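Open the model in your viewer and keep the selection tool at hand. Each stop below says what to pick and what is there.

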Amino acid sequence: GRGGMGIVYLAEQESLQRLVALKVIRPALQVEQEAVERLRREARTIARLRHPNIVTVYSFGQTHDILYFAMELIEGDSLRDLVKARPTPPKSQLLAWLAQIGRALHYAHGQGVLHRDVKTSNIMVEGGARPILLDFGLAREQGATPITRSFVGTQGYAASEQMRLLPLDARSDVFSLGVTLYRCLTGKLPFGSKPLKKVMVRLEKDAPIPPRQINPTVSPRLDAVVLRAIRRDREQRFASGLEFALAIEACLAEG
């Protein structure tokens with residue numbers, strides 16, 4: 001797999017005779033200190049998080065001037081691919097997965113870590129059962145002021161405060177998880193994805209179309225949960241990933 005910063009290989013950890021996912025910096029970026037530090041920070045961040053719904057790091061090191069870290073190999077599909085497939089997973093299954101990710105985010109936030117890039121492609125589902133949050137390359141300490149002068153994240157999923165380079169908190173990740181749920185239920189992003197300026201204008205001025213208007217199978221209660229999670233004003237959102245997860249679970253219990 002390839003992304004903007006790194007490449008992930010299927011590899012064998014010979015000492016333990018197991019397959020792993022091995023992440024390295026793209027060759028063109030190996031001389032850039034910012035890219036090197038980002039990979040190192042990602043490995044250290046994941047290594048301090050121990051949760052069944054967060055990817056596990058096995059080792060970190062450098063060989064032949066190549067910085068790398070090895071993670072558990074997840075046999076499954078990304079949530080992005082699953083919601084594009086036909087048929088899509090049952091709505092109840094999607095809700096159960098995202099409730100688990102909400103609890104995983106609550107745990108990470110309790111450890112002082114903000115993910116900053118929650119989206120369908122950063123959630124893998126192992127064996128069709130266990131959702132796993134990955135790619136902590138943009139993770140930062142809660143309350144930290146952004147160190148860049150430009151937006152980093154994924155437009156369309158990021159909250160208004162993230163796009164405006166303001167300090168973030170748990171509710172910023174809750175917003176992104178709410179957008180992820182909206183995407184799963186409707187196949188669309190509530191504020192679009194490009195161009196960047198138009199997304200920012202929609203975030204500031206436009207109310208999203210309620211999911212129920214796009215997908216009539218969405219219950220009024222679930223509709224309200226999604227819309228609360230993606231409120232422009234973070235004070236009106238769920239206060240934590242756990243609160244969001246409990247709201248989703250209540251919808252499941254209601255049927």
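## Stop 1: the phenylalanine pairs

Select Phe175 and Phe191: both are buried (under 20% relative accessible area, with exposed over 50% and partly exposed in between; 1.4 Å probe, protein chains only). The two form a stacked aromatic pair, 6.1 Å centre to centre with 15° between the planes. For pairing, ring centres of Phe, Tyr and Trp (its six-membered ring) must lie within 6.5 Å; planes under 30 degrees apart are stacked, over 60 edge-to-face, and the rest tilted. Phe175 lies in helix α5 and Phe191 in the loop between α5 and α6 (196–205), so the pair ties together parts 16 residues apart in sequence.

Phe238 is buried at 4% relative accessible area. Phe244 is buried too, at 0%. A search of the whole structure finds two aromatic pairs.

A note on the model before moving on. It is predicted: local features need pLDDT of at least 70 and side-chain atom pairs pLDDT 80 or more, while totals for chains, interfaces and linings use all residues. Numbering starts from 1 along each chain as its sequence is written, and side-chain values use heavy atoms, leaving out hydrogens and water.

## Stop 2: helix α9

Select residues 241–254. This is α9, with 14 residues. Helices here are DSSP runs (H or I, at least four residues), as are strands (E, at least two), numbered from the N terminus. From first C-alpha to last, α9 reaches 20 Å, close to the 20 Å expected at 1.5 Å a residue; the expected span is 1.5 Å times one less than the number of residues.

Which residues of α9 are buried? Colour Gly241, Phe244, Ala245, Ala247, Ile248 and Cys251. The buried residues of α9 pack against α3 (91–110), α5 (170–186) and α8 (220–229), where contact means heavy atoms within 4.5 Å. Step past the end of α9 to Gly255, whose phi is positive, near 90°.

## Stop 3

Go to α5 and pick Thr180. Thr180 is buried, at 0% relative accessible area. Beyond residues up to four places away in sequence, Thr180 touches Leu79, Leu98, Val118, Lys119, Thr120, Ile123 and Tyr157.

Next, pick Gly192 in the loop between α5 and α6. Gly192 is partly exposed, at 22% relative accessibility. Leaving aside neighbours within four places in sequence, Gly192 contacts Gly156, Val199 and Arg202.

## Stop 4

Show the open sheet of four strands. Its order is β1-β2-β4-β3, with antiparallel pairing; two strands pair if DSSP finds at least two bridges between them. β1 (6–13) and β3 (57–63) stand at the edges with a single partner strand each, so one side of each has no neighbour in the sheet.

Zoom in on β3 and β4 (residues 66–72): six bridges join these antiparallel strands. Gln62 stands opposite Leu67 in β4. Finish with helix α1 (residues 33–47), which packs on the sheet and touches β2 (18–25), β3 and β4.

Conventions: Axes are lines fitted to C-alpha atoms, for helices over the stretch in contact, and angles run from 0 to 180 degrees between N-to-C directions.
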